[in-house]
Amino acid sequence: MTASADLSGDELIAHRHLAAGPERVWDAFITPVAIAAFWGGSHATVAPDSVTVDLRVGGEFALTTRAPNGDTRRLRFVYVRIDQPRELAFEEHLTRLLTTVTLTPSGDGTDVVVHQRRLPPELPTAQAVAGLASILDALAAHLQSS
Amino acid sequence: LRKRLFAYSVRRVPGTVLTQPADLDASFAALGDPVRRALVTRLARGEATVGQLAEPFALTPQAISHHLGVLRRAGLVEQRREGTSRPCRLRPEALAGLGNWIDEQRRMWDDRLVALEKHLDGNGDAR
């Protein structure tokens, strides 16, 4: 099933070991030129002069992505937690999606873990903790039987 | 059925960053409330009337109706008229859209961390 979402809150989005120390990885996350170099991945480009970083809790971090077909999109985030060089958390200003990047020294490099929290974690029932994926499974079962 | 559940996909510009449907924000906002999440969980077991939905809660039917209105406007729930009752049901395509969006986030971050690795490799051992 495609949906692996969890209504309960934090979800592991990505994990990668990088052959660079936490300080270097941290710098890459807060330096406009570095952000421009990697943020678009292989799906978009980011012009360095489009990146602004106001590194303080409540400060904004913004950039513009350009798709291969020329479409551009301005992304804006607000820093929620800054714990150099361990944890950086920022919230997307439209969806309020909270992204937390955690850096942990590991061997000769750094483990980078990205979590996202889409929804408040307080859940009233164990049932609700079952999550969106199981909701969809239950829904599928219900539709099949009805 | 699975095809039906996931036939809906979040619209995106091909090969590019995700284009968020306008209703995605509304969906996340609607699910940001514990009562509404519990209503969604209950409706996943099958359709129910407002009275049936209100049973486990110390809330009035009016309060439940308010929450259902939020879920309905977000496209997550639909209500039909059946005589005097108005049973509610989930809209699976809307929930599938949320799941697809989260999967898209995961793909984008994987891609981004690969690019970060390349960037750090290219910069040598500056530190």
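Q: In strand S5 of chain A, which residue is the bridge partner of A:Leu63?

A: The partner is A:Leu75. Keep in mind that this is a predicted model.

Q: How many residues lie between S4(A) and S5(A) in their hairpin, and which glycine in the turn stands out by its phi?

A: Start with the general idea. Most residues other than glycine have a negative phi. Now the case here. Five residues separate the two strands, and A:Gly70 in the turn has a positive phi of about 95°.

Q: Which other strands of chain A pair with S4(A)?

A: Take S2(A), residues 45-46. Two bridges join this strand to S4(A), residues 60-66, in the antiparallel sense. There, A:Thr45 stands opposite A:Arg66. Then take S3(A), residues 52-53, which pairs with S4(A) over two bridges, again antiparallel. A:Val53 has A:Phe61 as its bridge partner in S4(A). The hairpin of S3(A) and S4(A) has six residues between the strands, and A:Gly58 takes a positive phi near 95°.

Q: How do I read an aromatic pair, and how many are there over all chains?

A: A pair of aromatic rings is described by the distance of the centres and the angle of the planes. The count over all chains is 11 aromatic pairs. One of them joins A:Phe61 and A:Tyr79, and it is stacked: 5.7 Å centre to centre, with 15° between the planes.

Q: Why does the pair of A:Phe61 and A:Tyr79 tie together separate parts of the sequence?

A: A:Phe61 lies in S4(A) and A:Tyr79 in S5(A), so the pair links parts that are 18 residues apart in sequence. A:Phe61 is buried, at a relative accessible area of 1%. A:Tyr79 is buried as well, with a relative accessible area of 1%.

Q: What is the geometry of the pair that A:Phe61 forms with A:Phe90?

A: This pair is edge-to-face: 5.5 Å centre to centre, 90° between the planes. A:Phe90 sits in S6(A), residues 87-92, and A:Phe61 in S4(A), so the pair ties together parts 29 residues apart in sequence. A:Phe90 counts as buried, at 1% relative accessibility.

Q: Which residues do ring pairs link into a cluster?

A: The members are A:Phe29, A:Phe38, A:Trp39, A:Phe61, A:Phe77, A:Tyr79, A:Phe90 and B:Trp109.

Q: Which charged residue lies over A:Trp39, and at what distance from the ring centre?

A: That is B:Arg112, which lies over the face of A:Trp39 at 4.0 Å from the ring centre. The charged end of B:Arg112 also sits over the ring of B:Trp109, 4.6 Å from its centre.

Q: How should I read the largest nonpolar core, and which members touch the most others?

A: In soluble globular proteins, nonpolar side chains tend to be buried together. Here the largest core has 32 residues; A:Val25, A:Phe29, A:Trp39, A:Phe90, B:Trp109 and B:Leu116 touch the most other members. Look at B:Leu116. Leaving out residues up to four places away in sequence, B:Leu116 touches A:Leu18, A:Val25, A:Ala28, A:Phe29 and A:Phe38. Another core lies apart, with 27 residues, among them B:Ile64, B:Leu90, B:Ala94 and B:Leu95.

Q: Which residues of helix H5(B) are buried?

A: An α-helix has 3.6 residues a turn, so residues three or four places apart point the same way. In H5(B), the buried residues are B:Ile64, B:His67, B:Leu68, B:Gly69, B:Val70 and B:Leu71. The helix covers residues 61-73, and its 13 residues reach 18 Å from first C-alpha to last, close to the 18 Å expected. B:Gly75 follows H5(B), with a positive phi near 85°.

Q: Where is B:Asp110 found, and which residues of chain A does it touch?

A: B:Asp110 is in H6(B), residues 92-122. Its relative accessible area is 38%, which makes it partly exposed. B:Asp110 touches A:Ile13 and A:Ala14, not counting residues up to four places away in sequence.

Q: Is the peptide bond from A:Gln84 to A:Pro85 cis or trans?

A: Most peptide bonds are trans. This one is cis, with omega near -10°. A:Pro85 is in the loop between S5 and S6 of chain A.

Q: In what order do the elements of chain B run?

A: From the N terminus on, the order is α-α-α-α-α-β-β-α. That gives six helices and two strands. Of the 127 residues of chain B, 51% count as buried.

Technical notes:
Residues numbered from 1 in each chain as written. Chains lettered and ligands numbered in written order. Predicted model: local features only at pLDDT ≥ 70, side-chain atom pairs only at ≥ 80, totals over all residues. Heavy atoms only, no water. Pairing = 2+ DSSP bridges. Helix = DSSP H or I, 4+ residues; strand = E, 2+ residues; numbered from the N terminus. Expected span 1.5 Å × (residues − 1). Buried < 20%, exposed > 50% of the residue type's maximum accessible area, 1.4 Å probe, protein only. Phe/Tyr/Trp six-rings, centres within 6.5 Å; stacked < 30°, edge-to-face > 60°. Lys NZ or Arg CZ within 6 Å of the ring centre and 35° of its normal. Core = buried A, V, L, I, M, F, W, Y, C linked by side-chain atoms within 4.5 Å. Contact = heavy atoms within 4.5 Å.
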